[in-house]
Amino acid sequence: MFGLAGNSGALLPLLATSLIPCLHSTNAGLVSAGSPYNTYDGEGFPSCYNVSEIHRPKSVDEMVSIVKKVVARDGDKARIRAAGKGHMWYDTMCTDNGTTVLIQTEEVAGIYEFDLPEGAAEGTVVIDSGVSFFQLAQYLHDRGASVGYTLTNWNISFGGSIAMGAHRSSIREDSMVAAGALSLDIVDGRGEIRHVERDNEDDDWLAASTSLGLLGIIARIKLKIYPDTKVYAKQDILDEKDVLDGDIYALIAPYATANLWYWPYKRKFHHRYYDVVDAKQYPQQGFQNTFSVTAVEAIAARTILDSGKYLATSNMLAEEIFYGLWSEPNFREKTNNTEIKNWPVYGWNYDVLIGGLYPGQKAQWDYNLRAYTLELAFPIPLANAMLKRVRSLFDAELKKGIVMTSTYRSGINIKFGKPYFDFLGQVTYNTSDGADWSKGVIMFDFPSFKPTVGDKKRFNEKFYTNLANTLIREFPCRPHWTKNTREVFAQSAKHIDPTHLAKFKAVREKFDPRGVYRSVIGEILGLY
């Protein structure tokens with residue numbers, strides 16, 4: 001999700017803090033068999049329950065060597081999963097069937113073969129899978145280049161992003177990270193490297209493009225790159241009725257990237273959109289705050305939100321505060337770290353579209369704020385009907401005298417995706433469900449604060465369960481592969497095209513016939 005913190009004094013970032021998990025690198029070396037491996041929410045938030053070893057290779061060759069040794073030693077019982085930056089929320093990373101060996105890719109982070117001739121419209125670069133978006137963005141910017149719009153947050157690895165189908169928000173431009181890949185090198189279930197070239201007639205590519213890590217460990221990626229650009233960011237405030245009854249496609253499609261943030265208690269939307277400008281005309285170098293908070297902000301946000309476990313009025317106050325903060329630019333001038341107070345904001349591609357941490361501040365998850373989340377994708381033609389159904393669920397609680405709100409620093413994130421064909425991606429098309437996915441998708445991304453007090457459940461917890469169940473039951477939809485519970489995956493599996501699943505399974509059996517890389521999600525989808 002690309003939630004971003006507000007300007008000075010922003011309690012908003014704090015809330016965001018509550019919503020973002022992350023893999024801590026406190027896990028290292030050999031561990032006790034059956035030890036959990038945590039999401040980046042830390043201890044008590046397992047992504048994988050039964051871990052026997054954790055390896056941190058520094059090269060692709062070392063990664064290959066580890067896989068071969070584990071497979072030779074453990075035979076049919078071998079279980080291996082790759083761990084990148086840990087953009088995970090729930091316990092869906094591994095299988096419960098046996099113990100798993102984890103291979104952390106973070107230090108396999110080479111960048112090489114940069115090729116963007118002067119004056120060329122595009123070029124290429126090769127990276128190792130552990131490279132983060134921030135690392136590559138800086139490398140490319142120093143050379144006058146960028147990856148365009150096939151990007152996501154700074155704290156995510158490229159290998160993990162492609163494997164799990166990560167994306168930005170755009171209908172006009174390709175925004176699936178996999179859409180920027182020209183080839184992938186994958187360490188298969190035998191420990192051999194398979195090279196897969198982009199080819200939409202090749203099932204190997206269509207499976208590898210969103211593989212869920214089930215084919216093997218992505219080791220190297222050849223990416224498309226482009227000359228670096230400056231972009232603007234602009235944000236408008238819209239009344240709820242104008243979005244629910246309006247042309248949602250027309251709000252998003254004209255721009256290089258755009259999204260909505262929904263404030264259900266306020267009955268408002270923020271509409272943010274970005275596009276290219278002439279770098280020579282705009283000297284400003286805006287830098288967007290992504291997950292950056294101060295200790296004071298974090299304590300204030302957590303205090304309000306924890307009380308919201310018991311009091312709807314606290315959640316109402318939180319949404320009022322966060323809405324106000326989010327109405328202002330969450331940017332600073334990169335050259336001197338001063339606040340930018342007016343829209344539009346201008347700056348270089350990655351700095352404005354994603355950004356990162358402000359100097360002297362920490363990421364929100366460093367302040368013990370955590371979250372639940374849910375993300376489902378729906379066909380664009382059903383966008384209005386889906387959002388109206390969501391509104392009706394909020395209204396149904398209101399009729400009972402229960403006020404439900406957003407408890408996230410930027411509201412409910414409504415993102416969009418241009419059609420991109422592969423077997424398991426959220427934005428694929430030509431499926432057998434009868435829905436029209438050809439115009440792209442709308443993604444309902446609903447993070448919510450996880451209380452640190454009591455039983456850790458949210459205010460009116462059953463509302464969230466009912467909302468997820470209702471949307472999955474009443475609409476064709478697809479889950480984000482790192483932002484949902486096992487229960488959501490089990491319910492939504494019926495919406496994944498059976499032909500796509502069958503073709504993916506055939507490729508999986510070729511790449512990993514012994515099921516070395518199996519996961520709970522793969523098991524739920526019937527791929528084993």
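In what order do the 3 strands of the open sheet stand? The order is β14-β16-β17, and the pairing is antiparallel. That sheet is one stop on this tour.

**Before you start**

This is a predicted model: local features need pLDDT of at least 70, side-chain atom pairs count only at pLDDT 80 or more, and totals for chains, interfaces and linings use all residues. Residues are numbered from 1 along each chain as its sequence is written, and side-chain values use heavy atoms, with hydrogens and water left out.

**Stop 1: the sheet**

Select residues 286–288 for β14 and 338–339 for β17. These are the edge strands, each pairing on one side only. Strands here are DSSP runs of E, at least two residues long; helices are runs of H or I, at least four; both are numbered from the N terminus. Two strands pair if DSSP finds at least two bridges between them. Zoom in on Gly 286: opposite it stands Glu 333 in β16. Strands of a sheet pair through backbone hydrogen bonds, either parallel or antiparallel.

**Stop 2: helix α2**

Select residues 60–74. Helix α2 has 15 residues and reaches 21 Å from its first C-alpha to its last. That is close to the 21 Å expected at 1.5 Å a residue; the expected span is 1.5 Å times one less than the number of residues.

Colour Val 60, Met 63, Val 64, Ile 66, Val 67, Val 70 and Val 71: these are the buried residues of α2. They cover an arc of only 160° around the axis, which puts them on the same side of α2. The arc is that of the directions from the helix axis to the C-beta atoms. Buried means under 20% relative accessible area, exposed over 50%, partly exposed in between (1.4 Å probe, protein chains only). An α-helix has 3.6 residues a turn, so residues three or four places apart point the same way.

Turn to the other side of α2. Asp 61, Lys 69 and Ala 72 are exposed there. Then step past the end of the helix to Gly 75, whose phi is positive, near 60°.

**Stop 3: salt bridges**

The whole structure holds 33 salt bridges. Each is a side-chain nitrogen of Lys or Arg within 4 Å of a carboxyl oxygen of Asp or Glu.

- Select Asp 245 and Lys 388: their closest N and O atoms are 3.0 Å apart. Asp 245 is in the loop between α6 and α7, Lys 388 in helix α11, 143 residues apart. Asp 245 is exposed at 58% relative accessibility, and Lys 388 is partly exposed at 39%.
- Select Glu 375 and Lys 483: here the closest N and O atoms are 3.3 Å apart. Glu 375 lies in strand β21 and Lys 483 in the loop between β25 and α13, so the pair ties together parts that are 108 residues apart in sequence. Both residues are buried.
- Select Lys 400 and Glu 397, with closest N and O atoms 3.2 Å apart. Lys 400 is exposed at 55%, whereas Glu 397 is buried at 6%.

Next, pick Glu 240, Arg 267, Arg 391 and Asp 395. Salt bridges that share partners join these four into one network.

**Stop 4: His 500**

Where does His 500 lie? Look in helix α14, residues 498–511. His 500 is buried, with a relative accessible area of 5%. Show its contacts (heavy atoms within 4.5 Å). Not counting residues up to four places away in sequence, His 500 touches Phe 421, Asp 422, Phe 423, Thr 428, Tyr 429, Asn 430 and Thr 431.
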